[in-house]
Amino acid sequence: MKYTIYIIEDDLSISRLLKEHIEKYGLSATVAENFESIMEEFHLLKPHLVLLDVNLPKFDGFYWCRRIRETSKVPILFISARESGIDQVRALENGADDYITKPFSYEVVMAKINSHIRRVFGDYAHAIGERVIEWEGLKLYPERLDLEFQGKTAILTKKEAILLESLIQTYPKVVNRNYLLEQMWDHSDFVEENTLNVNVTRLRKKLQDLDIENGVETIRGMGYKLNKSW
Amino acid sequence: MSLFLKEHKSYIVIYYFSVSLTTFYCFLASDFTFLDVLYAFLFNSFILLVFLGWKYVNTKNVYVLLDSNFDAIEESSLDQGDSFWGHHISALLKQQYRLYERNMQQINKNHQEHLTFINQWVHQMKTPLSVIRLQLEAHAGEPYAHGMSEEVYKMEKGLNMALYYARIDAFERDFVIERIRLKPLILDSISQEKKLFIKNHMLPKADVDDTIEVYTDVKWIKFVIEQLITNGIKYSKGKGKYLTVSAYKTEDHTVLEVVDEGIGIHPKDIRRVFHPFFTGENGRILGESTGMGLYLAKKICENLNHKIYIQSEVNRGTKVSILFEHIQTDHN
(Lines give C-alpha, C1' and ligand atoms only; values in the text may rest on other atoms or scores of the structure.)
Protein backbone atom coordinates (compact mmCIF):
# COMPACT_ATOMS: atom_id res chain seq x y z
CA MET A 1 0.00 0.00 0.00
CA LYS A 2 1.46 3.30 -1.07
CA TYR A 3 0.43 6.37 0.88
CA THR A 4 -0.32 9.56 -1.01
CA ILE A 5 0.63 13.01 0.26
CA TYR A 6 -1.07 16.07 -1.20
CA ILE A 7 1.15 19.16 -1.09
CA ILE A 8 -0.69 22.47 -1.24
CA GLU A 9 2.06 25.07 -1.38
CA ASP A 10 2.42 27.87 -3.92
CA ASP A 11 6.18 28.19 -3.71
CA LEU A 12 7.33 25.95 -6.53
CA SER A 13 10.82 25.33 -5.20
CA ILE A 14 9.58 24.19 -1.82
CA SER A 15 6.84 21.99 -3.19
CA ARG A 16 9.24 20.38 -5.67
CA LEU A 17 11.86 19.71 -3.00
CA LEU A 18 9.27 18.30 -0.63
CA LYS A 19 7.81 16.07 -3.33
CA GLU A 20 11.21 14.69 -4.27
CA HIS A 21 12.12 14.04 -0.68
CA ILE A 22 8.83 12.41 0.24
CA GLU A 23 9.07 10.15 -2.80
CA LYS A 24 12.51 9.03 -1.68
CA TYR A 25 10.80 7.43 1.29
CA GLY A 26 8.51 5.40 -0.91
CA LEU A 27 5.44 7.55 -0.51
CA SER A 28 3.72 9.20 -3.42
CA ALA A 29 3.35 12.97 -3.49
CA THR A 30 1.23 15.28 -5.62
CA VAL A 31 1.64 19.04 -5.74
CA ALA A 32 -1.49 21.17 -6.09
CA GLU A 33 -1.45 23.13 -9.33
CA ASN A 34 -4.70 24.96 -9.57
CA PHE A 35 -5.39 26.89 -6.40
CA GLU A 36 -8.98 27.51 -7.36
CA SER A 37 -10.04 23.91 -7.56
CA ILE A 38 -8.28 22.39 -4.58
CA MET A 39 -11.37 20.45 -3.51
CA GLU A 40 -11.88 18.81 -6.90
CA GLU A 41 -8.27 17.71 -6.93
CA PHE A 42 -8.55 16.54 -3.35
CA HIS A 43 -11.54 14.32 -4.14
CA LEU A 44 -9.84 12.87 -7.19
CA LEU A 45 -6.60 12.17 -5.38
CA LYS A 46 -7.99 10.94 -2.06
CA PRO A 47 -4.68 11.61 -0.29
CA HIS A 48 -3.73 10.01 3.01
CA LEU A 49 -2.20 13.21 4.32
CA VAL A 50 -2.24 16.88 3.35
CA LEU A 51 0.62 19.36 3.68
CA LEU A 52 -0.91 22.81 3.60
CA ASP A 53 0.66 26.26 3.39
CA VAL A 54 -1.09 29.22 5.06
CA ASN A 55 -0.42 31.92 2.49
CA LEU A 56 -1.95 30.82 -0.77
CA PRO A 57 -3.34 32.68 -3.75
CA LYS A 58 -7.09 33.31 -3.70
CA PHE A 59 -8.02 31.65 -0.37
CA ASP A 60 -5.71 30.99 2.54
CA GLY A 61 -4.80 27.65 4.04
CA PHE A 62 -7.24 28.04 6.93
CA TYR A 63 -10.07 28.22 4.39
CA TRP A 64 -8.99 25.06 2.58
CA CYS A 65 -8.48 23.31 5.87
CA ARG A 66 -12.09 24.00 6.83
CA ARG A 67 -13.31 22.88 3.40
CA ILE A 68 -11.39 19.61 3.60
CA ARG A 69 -12.67 19.02 7.11
CA GLU A 70 -16.28 19.24 5.86
CA THR A 71 -15.83 15.93 4.13
CA SER A 72 -12.67 14.24 5.39
CA LYS A 73 -10.72 13.33 8.49
CA VAL A 74 -7.41 13.03 6.67
CA PRO A 75 -4.41 14.34 8.68
CA ILE A 76 -3.63 17.94 7.74
CA LEU A 77 -0.22 19.42 8.55
CA PHE A 78 0.32 23.12 8.12
CA ILE A 79 3.64 24.40 6.82
CA SER A 80 3.99 28.10 7.35
CA ALA A 81 6.44 30.93 7.80
CA ARG A 82 4.18 32.39 10.46
CA GLU A 83 5.14 31.03 13.82
CA SER A 84 3.05 33.11 16.18
CA GLY A 85 1.00 31.25 18.72
CA ILE A 86 -2.17 32.75 17.33
CA ASP A 87 -1.63 31.34 13.85
CA GLN A 88 -0.95 27.92 15.27
CA VAL A 89 -4.04 28.07 17.41
CA ARG A 90 -6.04 29.24 14.42
CA ALA A 91 -4.75 26.34 12.34
CA LEU A 92 -5.69 23.83 15.00
CA GLU A 93 -9.09 25.46 15.45
CA ASN A 94 -9.70 25.15 11.74
CA GLY A 95 -9.11 21.43 11.98
CA ALA A 96 -5.39 20.98 11.40
CA ASP A 97 -3.48 18.18 13.13
CA ASP A 98 -0.08 19.79 13.31
CA TYR A 99 1.88 22.90 12.46
CA ILE A 100 5.41 23.10 11.07
CA THR A 101 7.15 26.46 10.77
CA LYS A 102 9.49 27.57 8.03
CA PRO A 103 12.39 27.29 7.68
CA PHE A 104 12.03 23.60 8.47
CA SER A 105 14.18 20.59 7.77
CA TYR A 106 13.27 17.38 5.97
CA GLU A 107 13.81 15.48 9.17
CA VAL A 108 11.02 17.34 10.95
CA VAL A 109 8.59 17.07 8.06
CA MET A 110 9.23 13.36 7.54
CA ALA A 111 8.99 12.63 11.26
CA LYS A 112 5.64 14.39 11.47
CA ILE A 113 4.26 12.81 8.32
CA ASN A 114 5.26 9.45 9.71
CA SER A 115 3.77 9.94 13.10
CA HIS A 116 0.44 11.07 11.67
CA ILE A 117 0.21 8.30 9.13
CA ARG A 118 1.07 5.81 11.83
CA ARG A 119 -1.60 7.21 14.12
CA VAL A 120 -4.36 7.30 11.54
CA PHE A 121 -3.58 4.21 9.50
CA GLY A 122 -1.98 2.24 12.26
CA ASP A 123 0.68 0.35 10.42
CA TYR A 124 3.96 2.13 10.79
CA ALA A 125 6.11 -0.43 9.01
CA HIS A 126 4.06 -0.09 5.86
CA ALA A 127 4.37 3.67 5.72
CA ILE A 128 8.09 3.69 5.66
CA GLY A 129 10.16 0.58 5.83
CA GLU A 130 13.15 0.28 8.07
CA ARG A 131 15.85 2.54 6.88
CA VAL A 132 18.88 0.80 5.40
CA ILE A 133 21.91 2.70 4.22
CA GLU A 134 23.94 0.70 1.78
CA TRP A 135 27.35 1.52 0.48
CA GLU A 136 29.80 -0.73 -1.31
CA GLY A 137 28.67 -3.83 0.51
CA LEU A 138 28.28 -2.14 3.88
CA LYS A 139 24.77 -2.19 5.29
CA LEU A 140 23.86 0.17 8.11
CA TYR A 141 20.54 -0.10 9.94
CA PRO A 142 20.34 3.23 11.80
CA GLU A 143 17.29 2.25 13.82
CA ARG A 144 18.65 -1.08 14.96
CA LEU A 145 22.24 0.23 15.16
CA ASP A 146 23.49 -2.81 13.24
CA LEU A 147 26.25 -2.76 10.69
CA GLU A 148 26.67 -5.66 8.27
CA PHE A 149 29.55 -6.44 5.99
CA GLN A 150 30.20 -9.70 4.17
CA GLY A 151 28.10 -11.74 6.54
CA LYS A 152 29.57 -10.25 9.68
CA THR A 153 27.71 -7.93 12.02
CA ALA A 154 28.88 -5.21 14.36
CA ILE A 155 26.70 -3.37 16.85
CA LEU A 156 27.25 0.35 16.90
CA THR A 157 26.37 2.98 19.45
CA LYS A 158 23.95 5.74 18.50
CA LYS A 159 26.78 8.24 18.03
CA GLU A 160 28.86 5.85 15.94
CA ALA A 161 25.85 5.18 13.72
CA ILE A 162 25.28 8.90 13.21
CA LEU A 163 28.94 9.28 12.36
CA LEU A 164 28.95 6.46 9.85
CA GLU A 165 25.69 7.54 8.25
CA SER A 166 27.04 11.05 7.68
CA LEU A 167 30.26 9.67 6.25
CA ILE A 168 28.43 7.37 3.85
CA GLN A 169 26.01 10.02 2.72
CA THR A 170 28.73 12.52 1.95
CA TYR A 171 31.13 10.05 0.30
CA PRO A 172 33.37 10.70 -1.61
CA LYS A 173 33.52 14.18 -0.13
CA VAL A 174 34.98 15.13 3.22
CA VAL A 175 32.60 15.62 6.13
CA ASN A 176 33.11 18.78 8.10
CA ARG A 177 34.06 18.23 11.77
CA ASN A 178 31.62 20.79 13.07
CA TYR A 179 28.81 19.19 11.10
CA LEU A 180 29.55 15.85 12.74
CA LEU A 181 29.57 17.48 16.15
CA GLU A 182 26.20 19.06 15.37
CA GLN A 183 24.76 15.73 14.33
CA MET A 184 26.00 13.99 17.45
CA TRP A 185 24.95 16.77 19.78
CA ASP A 186 22.07 15.42 21.76
CA HIS A 187 19.32 17.34 23.50
CA SER A 188 20.88 16.91 26.91
CA ASP A 189 24.26 15.47 26.02
CA PHE A 190 26.50 18.23 24.73
CA VAL A 191 29.45 16.82 22.84
CA GLU A 192 32.98 18.07 23.03
CA GLU A 193 35.62 17.88 20.34
CA ASN A 194 37.12 14.99 22.21
CA THR A 195 33.92 13.00 22.04
CA LEU A 196 34.18 13.13 18.28
CA ASN A 197 37.76 11.89 18.32
CA VAL A 198 36.84 9.06 20.64
CA ASN A 199 33.89 8.03 18.51
CA VAL A 200 35.93 8.09 15.33
CA THR A 201 38.51 5.86 16.98
CA ARG A 202 35.82 3.45 18.14
CA LEU A 203 34.18 3.39 14.72
CA ARG A 204 37.54 2.60 13.12
CA LYS A 205 37.93 -0.25 15.56
CA LYS A 206 34.50 -1.66 14.76
CA LEU A 207 35.17 -1.44 11.03
CA GLN A 208 38.38 -3.30 11.72
CA ASP A 209 36.36 -6.04 13.38
CA LEU A 210 34.60 -6.38 10.03
CA ASP A 211 37.99 -6.63 8.34
CA ILE A 212 37.95 -3.11 7.02
CA GLU A 213 41.34 -1.58 7.63
CA ASN A 214 41.69 2.17 7.68
CA GLY A 215 38.03 2.76 6.91
CA VAL A 216 37.92 6.34 8.15
CA GLU A 217 40.48 8.78 6.92
CA THR A 218 41.35 11.99 8.78
CA ILE A 219 41.69 15.06 6.59
CA ARG A 220 43.63 17.56 8.65
CA GLY A 221 41.93 20.87 9.23
CA MET A 222 38.73 19.73 7.52
CA GLY A 223 37.20 16.58 8.85
CA TYR A 224 36.86 12.94 7.94
CA LYS A 225 36.05 10.87 4.90
CA LEU A 226 35.46 7.22 4.18
CA ASN A 227 38.24 5.28 2.61
CA LYS A 228 37.21 2.41 0.38
CA SER A 229 40.02 0.06 1.21
CA TRP A 230 38.48 -3.20 0.02
CA MET B 1 -9.39 82.52 42.53
CA SER B 2 -6.00 84.17 42.68
CA LEU B 3 -5.75 84.11 38.88
CA PHE B 4 -9.17 85.70 38.64
CA LEU B 5 -8.18 88.48 41.04
CA LYS B 6 -4.90 88.96 39.26
CA GLU B 7 -6.69 89.42 35.98
CA HIS B 8 -9.26 91.85 37.40
CA LYS B 9 -6.88 93.82 39.61
CA SER B 10 -6.53 96.61 37.09
CA TYR B 11 -10.33 96.78 36.59
CA ILE B 12 -10.82 97.13 40.33
CA VAL B 13 -8.20 99.81 40.55
CA ILE B 14 -9.61 101.81 37.63
CA TYR B 15 -13.14 101.35 38.99
CA TYR B 16 -12.27 102.77 42.41
CA PHE B 17 -10.21 105.45 40.76
CA SER B 18 -13.20 106.63 38.75
CA VAL B 19 -15.59 106.29 41.70
CA SER B 20 -13.20 108.35 43.82
CA LEU B 21 -12.86 110.92 41.10
CA THR B 22 -16.65 111.23 40.66
CA THR B 23 -17.38 111.50 44.37
CA PHE B 24 -14.53 113.98 44.78
CA TYR B 25 -16.04 116.06 41.97
CA CYS B 26 -19.49 115.89 43.59
CA PHE B 27 -17.94 116.80 46.93
CA LEU B 28 -16.45 119.94 45.46
CA ALA B 29 -19.33 120.89 43.18
CA SER B 30 -22.30 120.30 45.47
CA ASP B 31 -23.05 119.92 49.12
CA PHE B 32 -22.14 116.25 49.38
CA THR B 33 -21.57 115.25 52.96
CA PHE B 34 -19.04 112.70 54.05
CA LEU B 35 -21.89 110.25 54.63
CA ASP B 36 -23.05 110.69 51.04
CA VAL B 37 -19.55 109.94 49.86
CA LEU B 38 -19.36 106.85 52.02
CA TYR B 39 -22.77 105.74 50.82
CA ALA B 40 -21.80 106.18 47.14
CA PHE B 41 -18.58 104.32 47.84
CA LEU B 42 -20.22 101.34 49.55
CA PHE B 43 -23.00 101.19 47.01
CA ASN B 44 -20.56 101.10 44.12
CA SER B 45 -18.47 98.51 45.93
CA PHE B 46 -21.55 96.34 46.30
CA ILE B 47 -22.29 96.60 42.60
CA LEU B 48 -18.69 95.71 41.77
CA LEU B 49 -18.69 92.78 44.15
CA VAL B 50 -21.89 91.36 42.69
CA PHE B 51 -20.58 91.79 39.18
CA LEU B 52 -17.24 90.15 39.97
CA GLY B 53 -18.97 87.37 41.87
CA TRP B 54 -21.26 86.64 38.97
CA LYS B 55 -18.40 86.74 36.54
CA TYR B 56 -16.23 84.48 38.65
CA VAL B 57 -18.90 81.85 39.04
CA ASN B 58 -19.54 82.02 35.34
CA THR B 59 -15.93 81.63 34.18
CA LYS B 60 -14.62 79.56 37.06
CA ASN B 61 -13.94 76.61 34.75
CA VAL B 62 -11.54 78.63 32.68
CA TYR B 63 -9.51 79.74 35.68
CA VAL B 64 -9.35 76.26 37.09
CA LEU B 65 -8.19 75.11 33.67
CA LEU B 66 -5.51 77.78 33.43
CA ASP B 67 -4.26 76.88 36.88
CA SER B 68 -4.04 73.12 36.33
CA ASN B 69 -1.66 70.64 34.73
CA PHE B 70 -2.95 68.06 32.34
CA ASP B 71 -2.28 64.41 32.90
CA ALA B 72 -3.84 63.39 29.64
CA ILE B 73 -4.23 65.26 26.44
CA GLU B 74 -7.92 64.34 26.39
CA GLU B 75 -8.63 66.52 29.46
CA SER B 76 -7.98 69.68 27.48
CA SER B 77 -10.98 69.05 25.28
CA LEU B 78 -13.46 69.04 28.19
CA ASP B 79 -16.21 71.67 28.00
CA GLN B 80 -15.15 74.94 29.65
CA GLY B 81 -18.62 76.38 30.31
CA ASP B 82 -20.83 78.89 28.57
CA SER B 83 -19.02 82.07 29.47
CA PHE B 84 -17.36 84.13 26.76
CA TRP B 85 -13.88 82.83 27.50
CA GLY B 86 -15.06 79.35 28.33
CA HIS B 87 -16.82 79.12 25.02
CA HIS B 88 -13.90 80.39 22.97
CA ILE B 89 -11.22 78.49 24.81
CA SER B 90 -13.18 75.24 24.49
CA ALA B 91 -13.53 75.81 20.79
CA LEU B 92 -9.84 76.53 20.41
CA LEU B 93 -8.75 73.51 22.45
CA LYS B 94 -11.14 71.25 20.61
CA GLN B 95 -9.74 72.36 17.34
CA GLN B 96 -6.19 71.84 18.59
CA TYR B 97 -7.11 68.43 19.87
CA ARG B 98 -8.63 67.47 16.54
CA LEU B 99 -5.47 68.52 14.73
CA TYR B 100 -3.33 66.67 17.21
CA GLU B 101 -5.48 63.58 16.86
CA ARG B 102 -5.32 63.67 13.11
CA ASN B 103 -1.55 63.92 13.34
CA MET B 104 -1.35 61.04 15.77
CA GLN B 105 -3.54 58.92 13.56
CA GLN B 106 -1.29 59.60 10.62
CA ILE B 107 1.81 58.71 12.63
CA ASN B 108 0.20 55.58 14.01
CA LYS B 109 -0.90 54.59 10.57
CA ASN B 110 2.62 55.04 9.20
CA HIS B 111 4.01 53.06 12.11
CA GLN B 112 1.51 50.26 11.59
CA GLU B 113 2.21 50.18 7.89
CA HIS B 114 5.88 49.96 8.63
CA LEU B 115 5.43 47.08 11.06
CA THR B 116 3.12 45.26 8.69
CA PHE B 117 5.70 45.64 5.99
CA ILE B 118 8.48 44.24 8.20
CA ASN B 119 6.23 41.35 9.16
CA GLN B 120 5.34 40.49 5.60
CA TRP B 121 8.84 40.97 4.40
CA VAL B 122 10.28 38.65 7.05
CA HIS B 123 7.78 35.96 6.10
CA GLN B 124 8.57 36.44 2.46
CA MET B 125 12.24 35.93 3.16
CA LYS B 126 11.57 32.76 5.11
CA THR B 127 10.36 30.84 2.10
CA PRO B 128 13.50 31.36 0.02
CA LEU B 129 15.54 30.56 3.12
CA SER B 130 13.64 27.31 3.48
CA VAL B 131 14.43 26.47 -0.11
CA ILE B 132 18.11 27.21 0.41
CA ARG B 133 18.15 25.16 3.57
CA LEU B 134 16.45 22.16 1.98
CA GLN B 135 18.79 22.28 -0.98
CA LEU B 136 21.78 22.47 1.35
CA GLU B 137 20.55 19.38 3.16
CA ALA B 138 21.32 17.38 0.04
CA HIS B 139 24.96 18.34 0.57
CA ALA B 140 24.92 18.19 4.34
CA GLY B 141 28.34 17.80 5.89
CA GLU B 142 30.34 18.90 2.90
CA PRO B 143 32.59 21.71 4.12
CA TYR B 144 31.33 24.36 1.73
CA ALA B 145 27.68 23.48 2.33
CA HIS B 146 28.37 23.58 6.03
CA GLY B 147 29.78 27.07 5.83
CA MET B 148 26.76 28.15 3.84
CA SER B 149 24.32 26.63 6.28
CA GLU B 150 25.98 28.62 9.04
CA GLU B 151 25.33 31.81 7.11
CA VAL B 152 21.74 30.76 6.46
CA TYR B 153 21.39 30.21 10.16
CA LYS B 154 22.62 33.75 10.84
CA MET B 155 20.04 35.11 8.43
CA GLU B 156 17.31 33.17 10.16
CA LYS B 157 18.39 34.63 13.48
CA GLY B 158 18.41 38.12 12.04
CA LEU B 159 14.95 37.70 10.53
CA ASN B 160 13.64 36.39 13.80
CA MET B 161 14.99 39.41 15.61
CA ALA B 162 13.22 41.73 13.15
CA LEU B 163 10.03 39.77 13.58
CA TYR B 164 10.10 39.93 17.36
CA TYR B 165 10.89 43.62 17.20
CA ALA B 166 7.93 44.27 14.91
CA ARG B 167 5.70 42.20 17.11
CA ILE B 168 6.54 43.62 20.50
CA ASP B 169 4.12 46.53 20.06
CA ALA B 170 1.27 44.12 19.62
CA PHE B 171 2.37 42.18 22.66
CA GLU B 172 -1.02 42.29 24.39
CA ARG B 173 -2.53 40.26 21.59
CA ASP B 174 0.20 37.69 21.34
CA PHE B 175 1.10 36.00 24.55
CA VAL B 176 -0.11 33.08 26.60
CA ILE B 177 1.01 32.70 30.19
CA GLU B 178 1.44 29.07 31.14
CA ARG B 179 2.96 27.14 33.97
CA ILE B 180 6.07 25.53 32.51
CA ARG B 181 9.09 23.58 33.59
CA LEU B 182 12.30 25.48 33.05
CA LYS B 183 14.59 22.56 32.38
CA PRO B 184 13.20 21.40 29.02
CA LEU B 185 12.94 25.01 27.94
CA ILE B 186 16.59 25.67 28.75
CA LEU B 187 17.79 22.46 27.12
CA ASP B 188 15.76 23.36 24.04
CA SER B 189 17.25 26.81 23.84
CA ILE B 190 20.75 25.42 24.22
CA SER B 191 20.14 22.89 21.46
CA GLN B 192 18.82 25.64 19.27
CA GLU B 193 22.18 27.35 19.50
CA LYS B 194 24.32 24.23 19.10
CA LYS B 195 25.85 25.45 15.84
CA LEU B 196 27.12 28.52 17.63
CA PHE B 197 28.54 26.55 20.56
CA ILE B 198 30.36 24.15 18.27
CA LYS B 199 31.65 26.83 15.96
CA ASN B 200 33.10 28.77 18.86
CA HIS B 201 34.50 25.69 20.60
CA MET B 202 32.36 26.24 23.64
CA LEU B 203 30.37 23.97 25.89
CA PRO B 204 27.13 24.69 27.65
CA LYS B 205 26.44 23.66 31.21
CA ALA B 206 22.84 23.36 32.25
CA ASP B 207 22.41 23.41 35.96
CA VAL B 208 18.69 23.24 36.51
CA ASP B 209 16.61 21.27 38.92
CA ASP B 210 14.02 19.24 37.05
CA THR B 211 11.18 20.44 39.25
CA ILE B 212 11.55 24.20 38.86
CA GLU B 213 8.48 25.73 37.31
CA VAL B 214 7.51 29.30 36.44
CA TYR B 215 4.63 31.20 34.90
CA THR B 216 5.63 32.69 31.58
CA ASP B 217 5.03 32.74 27.82
CA VAL B 218 7.12 30.01 26.23
CA LYS B 219 7.69 31.64 22.86
CA TRP B 220 8.80 35.02 24.16
CA ILE B 221 10.92 33.77 27.03
CA LYS B 222 12.63 31.32 24.71
CA PHE B 223 13.53 34.19 22.45
CA VAL B 224 15.03 35.98 25.46
CA ILE B 225 17.02 32.96 26.66
CA GLU B 226 18.35 32.30 23.17
CA GLN B 227 19.33 35.93 22.91
CA LEU B 228 21.27 35.71 26.18
CA ILE B 229 22.96 32.49 25.09
CA THR B 230 23.92 34.00 21.74
CA ASN B 231 25.37 37.04 23.50
CA GLY B 232 27.22 34.88 25.99
CA ILE B 233 28.86 32.89 23.22
CA LYS B 234 29.57 35.94 21.10
CA TYR B 235 31.41 37.71 23.89
CA SER B 236 33.31 34.65 25.02
CA LYS B 237 35.02 34.03 21.70
CA GLY B 238 38.41 32.50 22.29
CA LYS B 239 38.28 33.33 25.99
CA GLY B 240 35.87 31.32 28.03
CA LYS B 241 35.14 27.70 27.39
CA TYR B 242 31.88 27.35 29.28
CA LEU B 243 28.54 29.02 29.24
CA THR B 244 26.39 28.14 32.21
CA VAL B 245 22.64 28.35 32.24
CA SER B 246 21.25 27.70 35.67
CA ALA B 247 18.02 28.09 37.55
CA TYR B 248 17.41 28.09 41.28
CA LYS B 249 14.99 29.37 43.86
CA THR B 250 15.69 32.11 46.34
CA GLU B 251 13.37 33.24 49.08
CA ASP B 252 11.65 35.81 46.88
CA HIS B 253 12.11 34.65 43.32
CA THR B 254 12.90 31.90 40.90
CA VAL B 255 16.10 32.95 39.16
CA LEU B 256 17.40 31.97 35.75
CA GLU B 257 21.00 32.88 35.06
CA VAL B 258 23.13 32.86 31.96
CA VAL B 259 26.79 33.17 32.90
CA ASP B 260 29.74 33.39 30.54
CA GLU B 261 33.47 33.67 31.12
CA GLY B 262 34.01 36.12 28.32
CA ILE B 263 35.39 39.58 27.81
CA GLY B 264 32.82 41.27 30.04
CA ILE B 265 31.25 44.68 29.68
CA HIS B 266 33.02 47.91 30.50
CA PRO B 267 31.51 49.63 33.58
CA LYS B 268 30.83 52.78 31.59
CA ASP B 269 28.73 50.75 29.17
CA ILE B 270 26.81 48.54 31.53
CA ARG B 271 24.02 50.96 32.37
CA ARG B 272 23.22 51.42 28.72
CA VAL B 273 23.23 47.84 27.45
CA PHE B 274 19.45 47.68 27.64
CA HIS B 275 19.07 50.77 25.45
CA PRO B 276 18.06 50.24 21.83
CA PHE B 277 20.88 50.30 19.26
CA PHE B 278 23.52 50.51 21.99
CA THR B 279 26.55 48.43 21.04
CA GLY B 280 29.25 49.95 23.24
CA GLU B 281 32.89 49.02 23.43
CA ASN B 282 32.31 45.33 22.69
CA GLY B 283 30.20 46.13 19.65
CA ARG B 284 33.09 48.11 18.25
CA ILE B 285 35.57 45.31 18.92
CA LEU B 286 33.49 42.45 17.58
CA GLY B 287 31.19 44.05 15.06
CA GLU B 288 28.05 42.16 14.08
CA SER B 289 26.08 43.74 16.92
CA THR B 290 22.76 45.39 16.35
CA GLY B 291 22.39 46.54 19.92
CA MET B 292 18.84 45.25 19.90
CA GLY B 293 19.18 41.89 21.62
CA LEU B 294 19.30 43.04 25.23
CA TYR B 295 16.88 45.87 24.55
CA LEU B 296 14.30 43.39 23.29
CA ALA B 297 15.10 41.02 26.15
CA LYS B 298 14.42 43.77 28.64
CA LYS B 299 11.19 44.87 26.98
CA ILE B 300 9.91 41.32 26.75
CA CYS B 301 10.76 40.69 30.40
CA GLU B 302 8.96 43.87 31.40
CA ASN B 303 5.91 42.82 29.43
CA LEU B 304 5.95 39.39 31.03
CA ASN B 305 6.46 40.90 34.46
CA HIS B 306 9.88 39.36 35.01
CA LYS B 307 12.88 41.37 36.17
CA ILE B 308 16.17 41.25 34.33
CA TYR B 309 19.57 42.26 35.68
CA ILE B 310 23.06 42.26 34.29
CA GLN B 311 26.37 42.12 36.13
CA SER B 312 29.76 42.07 34.49
CA GLU B 313 33.44 42.34 35.15
CA VAL B 314 35.85 43.12 32.35
CA ASN B 315 37.82 40.01 31.37
CA ARG B 316 36.00 37.90 33.93
CA GLY B 317 32.60 37.46 32.35
CA THR B 318 29.00 38.49 32.41
CA LYS B 319 25.98 37.26 34.29
CA VAL B 320 22.44 38.02 33.23
CA SER B 321 19.67 37.07 35.65
CA ILE B 322 15.95 36.84 35.05
CA LEU B 323 13.76 36.88 38.13
CA PHE B 324 10.41 35.14 38.00
CA GLU B 325 7.68 35.36 40.59
CA HIS B 326 7.37 32.23 42.67
CA ILE B 327 4.54 29.94 41.84
CA GLN B 328 2.13 29.97 44.74
CA THR B 329 1.91 26.44 45.95
CA ASP B 330 -1.30 25.58 47.68
CA HIS B 331 -0.89 23.68 50.89
CA ASN B 332 -4.22 22.11 51.64
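This is a predicted model: local features need pLDDT of at least 70, side-chain atom pairs count only at pLDDT 80 or more; totals for chains, interfaces and linings use all residues.
For the overall dimensions, I noted that the C-alpha trace of chain A spans about 60 × 35 × 30 Å along its principal axes. I also listed the secondary structure of chain A, which comes to nine helices and 12 strands.

Then I turned to contacts within chain A. Taking those between residues at least 6 apart in sequence, I see that 55% join residues at least 24 apart.

On to charges: chain A has 31 positive and 36 negative ones, and I found their mean positions 2 Å apart.

A:Asp53 sits in strand β3 of chain A, residues 49-53. Is A:Asp53 buried or exposed? I count A:Asp53 as buried because its relative accessibility is 4%, below the 20% cut-off. Leaving aside residues up to four places away in sequence, I find that A:Asp53 touches A:Ile8, A:Glu9, A:Asp10, A:Gly61, A:Phe78, A:Ile79, A:Ser80 and A:Lys102.

Last, I checked the second largest pocket, with a volume of about 480 Å³. I see 16 residues lining this pocket, with B:Asn119, B:Ala166, B:Arg167, B:Ala170 and B:Arg173 lying nearest its centre. Which helix gives the most to the lining? My note says α3(B), with six residues. At least two lining residues each come from α4 (85-93) of chain A and from α3 (84-137) and α4 (143-167) of chain B.

Note on methods:
Residues are numbered from 1 along each chain as its sequence is written. Chains are lettered from A and ligands numbered from 1 in the order in which they are written. Side-chain values use heavy atoms; hydrogens and water are left out. Helices (H or I, at least four residues) and strands (E, at least two) are DSSP runs, numbered from the N terminus. Contact means heavy atoms within 4.5 Å. Lys and Arg count as positive and Asp and Glu as negative; His and the chain ends are not counted. The place of a charge is taken as NZ of Lys, CZ of Arg, CG of Asp or CD of Glu. Buried means under 20% relative accessible area, exposed over 50%, partly exposed in between (1.4 Å probe, protein chains only). On a 1 Å grid over the protein atoms alone, a cavity is a set of points where a 1.4 Å probe fits but cannot get out, and a pocket is an open set with protein on both sides within 12 Å along at least five of seven lines; lining residues have an atom within 4 Å of a point. Grid points are joined across faces, edges and corners, and a volume is the space filled by probe spheres set on the points.
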